[in-house]
Amino acid sequence: MNGSPDPYRLVPGAPDSPVILHVPHSSRVVPAGVREGIVLDDAALERELDHITDSHTARIAAEAAALAANGPGRKEPWRFVNGLSRLVVDPERFPDDREEMRAVGMGAVYTRTTHGKPLRPDGHPEEPLIDRYFHPYAAAMTDAVARRLEATGRAVIIDVHSYPGERLPYELHGDGPRPPVCLGHDSFHTLPELLAHAEKAFAGFGGTGVNSPFSGTYVPLKYYGTDRRVGALMIEIRRDVYMTEPGGPAGPGLHRVAAALAELVDAVTGAPPT
């Protein structure tokens with residue numbers, strides 16, 4: 001959890017692909033300077049990372065991208081991958097009072113754990129973390145979307161997440177269905193055909209649901225609610241579908257998930273069926 005890792009990376013895809021696979025929560029890396037501001041001991045921090053990390057989702061995205069690049073007419077998607085844990089900052093939260101998760105201490109800078117325990121001391125300043133990590137990440141993701149718009153006339157962000165089979169205490173809306181695949185839908189940025197493509201691609205996992213237990217999807221604030229050229233959909237895979245919970249190894253389900261994600265990418269890019 002130490003060292004100076006890259007805070008994020010953009011992995012190029014096909015020049016004419018509009019798709020960005022966004023992987024914000026796969027890393028467990030907490031830089032040493034950030035670790036100093038976390039009150040958990042090492043063992044407790046590892047347990048928290050088990051619960052809060054979308055384990056193996058970077059691998060799912062990488063495998064899906066490789067599959068989508070294999071074959072005539074197919075287009076490899078771009079990938080934007082967070083290199084740091086969401087315990088550093090969560091790049092998908094609003095950085096201000098618009099964020100409802102602030103009510104449970106999990107705004108852009110978390111102050112509470114998944115089980116409501118202190119993560120950072122009361123009064124811990126958010127601004128240094130927001131300035132160092134949140135804003136540069138947001139700017140880089142905004143630029144990645146701008147480049148897809150410039151190259152193809154559209155951008156489609158597919159947000160790659162996972163979630164636990166059992167509700168954790170921090171979940172504000174965890175009392176609804178927990179399907180094998182939850183599709184996060186935004187009324188402005190998720191066109192019906194994008195949602196339909198996802199429902200078809202993930203139909204073989206025992207059911208999909210929409211906006212339960214997690215809703216919405218990520219769009220950079222520059223485009224959020226204003227630019228319909230930017231499409232977006234969140235894919236939330238229930239963790240027991242592809243891994244051992246919490247924080248355990250991936251199983252064979254990971255390859256099925258990656259194949260379904262590649263099928264969705266093909267549908268979005270208009271690639272011929274394989």
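Which residues are exposed on the other side of H5? Point 3 below takes up this matter.

1. Basis of the note. The structure is a predicted model, in which local features need pLDDT of at least 70 and side-chain atom pairs count only at pLDDT 80 or more, while totals for chains, interfaces and linings use all residues. Residues are numbered from 1 along each chain as its sequence is written, and side-chain values use heavy atoms, with hydrogens and water left out. Helices (H or I, at least four residues) and strands (E, at least two) are DSSP runs, numbered from the N terminus.

2. Helix H3. This helix covers residues 57-68. Its expected span is 1.5 Å times one less than its number of residues. For the 12 residues of H3 that gives 16 Å, and the end C-alpha atoms are 16 Å apart, which agrees. An α-helix has 3.6 residues a turn, so residues three or four places apart point the same way. Setting aside residues up to four places away in sequence, Leu-67 touches Arg-74, Ala-258, Ala-259 and Ala-262, where contact means heavy atoms within 4.5 Å.

3. Helix H5. The buried residues here are Leu-194, Leu-195, Ala-198 and Ala-201. They cover an arc of only 130° around the axis, which puts them on the same side of H5. On the other side of H5, the exposed residues are Pro-192 and Lys-200. The buried residues of H5 pack against E4, strand E5 (181-184), E6, E7 and H6.

4. The pair H5 and H6. The axes of helix H5 (residues 192-201) and H6 come within 9 Å and cross at roughly 150°. Axes are lines fitted to C-alpha atoms, for helices over the stretch in contact, and angles run from 0 to 180 degrees between N-to-C directions. The crossing of H5 and H6 is right-handed; a crossing is left-handed if the near helix is turned anticlockwise from the far one by less than a right angle, and right-handed if clockwise. On H5 the contact is made by Leu-194, His-197, Ala-198, Lys-200 and Ala-201, and on H6 by Ala-260, Glu-263, Leu-264, Ala-267 and Val-268.

5. His-161. This residue belongs to strand E4 (residues 155-163) and is buried, with a relative accessible area of 3%. The side chain of His-161 makes polar contacts with the side chains of Asp-54, at 3.2 Å, and Asp-159, at 3.1 Å. A polar contact is a pair of N or O atoms within 3.5 Å; within protein, one must be able to donate a hydrogen and the other to accept it, and residues adjacent in sequence count only if both atoms are side-chain atoms. Beyond four places in sequence, the residues that His-161 touches include Pro-24, His-25, Thr-57, Glu-92 and Met-234.

6. Gly-83. This glycine sits in the loop between E3 and helix H4 (127-152) and is buried, with a relative accessible area of 14%. The C-alpha atoms of Gly-83 and Pro-24 are 8.2 Å apart, although 59 residues separate the two along the chain. Neighbours within four places in sequence aside, Gly-83 is in contact with Asp-6, Pro-7, Tyr-8, Ser-27 and Val-29.

7. Backbone points to check. Most residues other than glycine have a negative phi, and most peptide bonds are trans. The peptide bond from Ser-212 to Pro-213 is cis, with omega near 10°, and Pro-213 is in the loop between strand E6 (208-210) and strand E7 (230-238). Asn-211 lies in the loop between E6 and E7, and its phi is positive, near 60°. The bond from Glu-245 to Pro-246 is also cis, with omega near -15°; Pro-246 is found in the loop between E7 and H6. His-56, in the loop between helix H2 (42-52) and H3, has a positive phi of about 70° and is partly exposed at 23% relative accessibility.

Definitions and conventions:
Buried < 20%, exposed > 50% of the residue type's maximum accessible area, 1.4 Å probe, protein only. Arc of directions from axis to C-beta.
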